[in-house]
Amino acid sequence: MSNTVPPAGPSPEDAHPPLGSLALARAGVDRGGDWRVTPGLMERLWSAPGTKVMLIAHGRSPVRDSSLLLVDAASIDPTRTPVYLGHTTVAGAGPAGSEPAGTDVVLLMLKEPSNQWEGDESVRWIGLREAATELPARDAALFVEAAAIANWHATHTHCPRCGTPTDVESGGWVRRCPVDNSEHFPRTDPAIIATVIDENDRLLLGSSAQWSNKRFSTLAGFVEPGESLEAAVIREIAEESGVRVHSPRYLGSQPWPFPASLMLGFTARAHSAEAVPDGVEISDLRWFTRQELTEAVGSGEVVIASGASIARSLIEHWYGGPIAEPAGPQP
């Protein structure tokens, strides 16, 4: 690989550009929120000849030719809770995804992957991380929406007030308690994730206590009730590294449905370079110049976040371009 280091990134005085198109924040679906309350919606969709069904089981869906394998609604028995994902705004790509724009898509959540393609080596069941990097924008948008709503249904089957099993309404986007009539909606947990840069334009990366000692990434944490995003950046960085930061700037966001997060990307400046891992969430911290990060990643000494994550986009935003990695699987 090349050891060429890109030029230094923008100075602190420059306005940071947005992160741009992120792997799990792409468009291609109109979620049709106004349609969800239509009486008899699912019956209408199931009888319409153009309706397609996306299947998901344990967070995995079938693909063929690097496209989601959507099936005709008429060929599927809707015995599981269906969810209306919306209608596509762009046509599918490839033989397995050639549906026209405007196609209505319904999600069915299965207990196990279907065996209807058993023996067909062109069909694979993949997860969200593979979908983020392998699928076109429309399919990635469908996948992240499906994964998030499926996770919510799997973990919110009963009323949190009285414990009664809830009824599914509004195209799969509301669960209502039949006892107290309370409505329950899908949740999203906001989390900040940030690059921390010191006065010498070095980047701070941390290694989680749960990772191998080679893996490093940006620091992150959940936003607490009653807290602003900027305050969460300052608090989380201080808690995990002891570094006091200032001037947090928002750069972009990406859903991360593992199970229900929205990652809000920031960059912030460090008051000083003294960093001490908290020993609970973070086991190691390192400051990197661009040259040091180039050499550490190139030699395999350090493994950084994958291309599917906003963490990688944040790191490369500071770095000034893509970071080359050694060939072969990474730990």
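This is a predicted model: local features need pLDDT of at least 70, side-chain atom pairs count only at pLDDT 80 or more; totals for chains, interfaces and linings use all residues.

**Entry: second largest pocket**

I began with the helices and strands around this pocket. α3 (137-155), β16 (245-256) and β17 (261-270) each supply at least two residues of its lining. α3 gives the most, with 8 residues. I noted a volume of about 460 Å³ for the second largest pocket. Its lining has 28 residues. Arg31, Val144, Glu145, Ala148 and Thr188 lie nearest its centre. By class I wrote down 17 nonpolar, 6 polar and 5 charged residues.

**Entry: Arg31 and Glu145**

I looked up their contact: arginine 31 forms a salt bridge with glutamate 145, with the closest N and O atoms 3.8 Å apart. The pair links distant parts of the chain, 114 residues apart. Arginine 31 sits in the loop between β1 (29-30) and α1 (41-47), while glutamate 145 is in helix α3.

Glutamate 145 has a relative accessible area of 3%, so it went down as buried.

**Entry: largest pocket**

Next I turned to the largest pocket. Its volume is about 1,100 Å³. I found 37 lining residues, of which Trp211, Arg215, Ser217, Ala220 and Trp256 lie nearest the centre. Which element gives the largest share of this lining? Strand β15 (residues 219-222) does, with 4 residues. The lining of the largest pocket splits into 20 nonpolar, 12 polar and 5 charged residues.

**Entry: other salt bridges**

I counted salt bridges next. The total comes to 19.

Lysine 52 and aspartate 72 meet through their side chains in one of them, at 2.4 Å from N to O. Lysine 52 lies in strand β2 (residues 52-56) and aspartate 72 in strand β5 (residues 71-72), so this pair ties together parts 20 residues apart in sequence. Lysine 52 is buried, with a relative accessible area of 17%. Aspartate 72, at 38% relative accessibility, counts as partly exposed.

Glutamate 183 and arginine 176 form another salt bridge, 2.7 Å from N to O. Glutamate 183 is partly exposed, at 40% relative accessibility. I also found one network: Glu224, Glu227, Arg235, Glu236 and Glu239 are joined by salt bridges that share partners.

**Entry: helix α5**

I then went to helix α5 (residues 290-299). Which of its residues are buried? I listed Arg290, Leu293, Thr294, Ala296 and Val297. These buried residues pack against β13 (203-208), β18 (282-288), β19 (303-304) and α6 (310-319). Glycine 300 follows α5, and its phi is positive, near 85 degrees.

**Entry: confidence**

The mean pLDDT of the protein is 90, and 92% of its residues reach 70 or more. Residues 1-17 have pLDDT below 50. Beyond near neighbours in sequence, this stretch makes 32 contacts in the model.

Methods: Residues are numbered from 1 along each chain as its sequence is written. Side-chain values use heavy atoms; hydrogens and water are left out. On a 1 Å grid over the protein atoms alone, a cavity is a set of points where a 1.4 Å probe fits but cannot get out, and a pocket is an open set with protein on both sides within 12 Å along at least five of seven lines; lining residues have an atom within 4 Å of a point. Grid points are joined across faces, edges and corners, and a volume is the space filled by probe spheres set on the points. Ala, Val, Leu, Ile, Met, Phe, Trp, Tyr, Cys and Pro count as nonpolar, Asp, Glu, Lys and Arg as charged, and the others, Gly among them, as polar. Buried means under 20% relative accessible area, exposed over 50%, partly exposed in between (1.4 Å probe, protein chains only). Contact means heavy atoms within 4.5 Å. pLDDT is the predictor's confidence in each residue, from 0 to 100. A salt bridge is a side-chain nitrogen of Lys or Arg within 4 Å of a carboxyl oxygen of Asp or Glu.
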